[in-house]
Amino acid sequence: MPGHVFGRSTKGTLPVAARGDGCYIIDSAGKRYLDGSGGAAVSCLGHSDAGVRAALHEQLDALAFAHTGFFTSEAAESLADRLVEHAPEGIGRVYLVSGGSEGVEAAIKLARQYFMEIGQPRRHRVIARRQSYHGNTLGALAAGGNEWRRAQFAPLLVETSHIAPCYEYRDRLEGETPEAYGRRAADELDAEIRRLGPETVMAFIAEPVVGATAGAVPAVPGYLRRIREICDRHGVLLILDEVMCGMGRTGHLFACEEDGVAPDMITIAKGLGAGYQPIGALLTSGKIYDAIAAGSGFFQHGHTYMGHPMAAAAAGAVLDAILGRSLLARVRAQGEKLDAALRAELGQHPHVGDIRGRGLFRGIELVEDRDSKAPFDPARKLHAKIKAMAFEAGLICYPMGGTIDGQRGDHILLAPPFIIEDAQIDELVGKLSGAIKGALAA
Ligand code: PLP
């Protein structure tokens with residue numbers, strides 16, 4: 001079925017996704033694919049959730065769209081109320097957009113406008129981490145740490161500082177405790193703020209559990225608390241990007257809960273609409289909102305489809321499912337089982353360097369040599385082969401050749417639906433193991 005849709009790749013044709021059935025996508029030829037990564041950590045309720053479908057029908061029957069220049073909607077208000085109710089301390093307002101990059105753009109612009117309104121106009125710099133992805137629009141791309149994603153667009157991007165990630169597997173020294181390592185890694189932020197001049201820095205942005213660029217790398221205990229202290233010391237806003245790891249993916253509604261940190265802003269997206277609708281959100285502290293309300297009274301930003309009632313209705317039903325069906329506890333339990341199954345099947349494999357993650361957000365890092373942790377030659381395109389072989393076997397997973405401080409390495413991200421059953425965990429691990437072994441032998 002050759003068509004005129006212009007997608008990611010110009011090579012080859014893709015199967016046509018025709019139907020969804022729980023954790024599976026079925027193509028037009030009838031082949032079933034177990035969704036081991038929720039696409040890209042999106043489909044947290046699987047592909048046929050009755051509650052979300054009913055909420056969408058109901059909203060459609062009532063009203064599909066009303067422009068936010070004129071109206072708010074019950075769906076948007078109720079979603080925002082409940083997000084604020086369950087958010088970390090200090091979060092007071094929700095700005096609804098259509099995806100993750102839009103949420104990050106809004107966060108960066110809101111940070112800038114906040115400092116303009118409170119009379120600190122020299123604050124304009126963003127600091128991020130080398131191992132991070134924050135989206136593909138120009139502001140979000142500038143913040144992200146993927147050099148290869150940024151390279152050809154560099155002249156269009158604002159200059160952003162990138163400090164080291166918190167990457168225990170590679171960067172913790174022998175004999176160093178995780179806590180000491182976390183302090184050392186966080187202190188890079190302090191040094192960078194001082195180097196730039198604290199009066200010029202407006203925000204630090206980071207993913208609490210790094211997703212696309214690294215394969216589910218959580219921060220070590222204490223790292224984010226130290227980051228919070230450093231931001232406070234210098235009057236810098238802390239933005240946590242939970243587009244991938246938020247909305248229950250780690251077993252907590254917000255991943256930063258586990259780190260005991262309350263940021264100034266949080267971005268969420270993928271699991272928010274669970275794939276039923278495109279939606280993202282920027283959650284911001286009441287302090288930032290109040291400053292703008294007391295100042296210009298107008299956030300100089302906006303998109304036609306922001307606060308879309310259909311998207312908000314879907315997200316409200318997703319939140320109902322997560323909270324009402326005790327899915328956070330289920331994510332923690334199934335996450336432990338997935339971790340145990342991965343370790344049993346692959347833990348001793350000579351090319352599996354690390355298995356990590358939280359909840360149903362797990363990563364595997366492949367290395368040429370376990371002792372030296374040397375990555376495979378990127379020219380081998382191991383991650384691409386694993387993706388193709390897994391897909392052939394009927395498994396969707398998310399392998400990437402991420403950046404390890406300039407060096408490329410291969411990892412696989414797993415983020416199955418929260419409803420995954422034990423037998424499906426076995427199917428996932430079995431097919432993944434086959435694909436890894438097949439790709440290594442190819
Ligand atoms: N931030 C993070 C942490 C992400 O993982 C992503 C997407 O992968 C984005 C932002 C961008 O989201 P979107 O693709 O919805 O624009």
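**View 1. An open sheet of four strands in a predicted model.** The strand order is β1-β2-β3-β15, and the pairing is mixed. Strands here are DSSP runs of E with at least two residues, helices are runs of H or I with at least four, and both are numbered from the N terminus; two strands pair if DSSP finds at least two bridges between them. β1 (17-21) and β15 (395-396) each have a single partner strand and stand at the edges, so one side of each lacks a neighbour in the sheet. Residues are numbered from 1 along each chain as its sequence is written. The model is predicted: local features need pLDDT of at least 70, side-chain atom pairs count only at pLDDT 80 or more, and totals for chains, interfaces and linings use all residues.

**View 2. The pairing of β3 with β15.** Strand β3 (residues 32-35) runs parallel to β15, and two bridges join them. Leu34 has Leu395 of β15 as its bridge partner. Strands of a sheet pair through backbone hydrogen bonds, either parallel or antiparallel.

**View 3. The shell around the ligand.** Around the ligand are 15 residues, where a residue is counted if its C-beta atom, placed from the backbone, lies within 6 Å. Gly99, Gly100, Ser101, Gly135 and Val243 come nearest. Helix α4 (residues 100-117) gives the most to this shell, with three residues. By class, seven residues of the shell are nonpolar, six polar and two charged. Nonpolar covers Ala, Val, Leu, Ile, Met, Phe, Trp, Tyr, Cys and Pro; charged covers Asp, Glu, Lys and Arg; the others, Gly among them, are polar.
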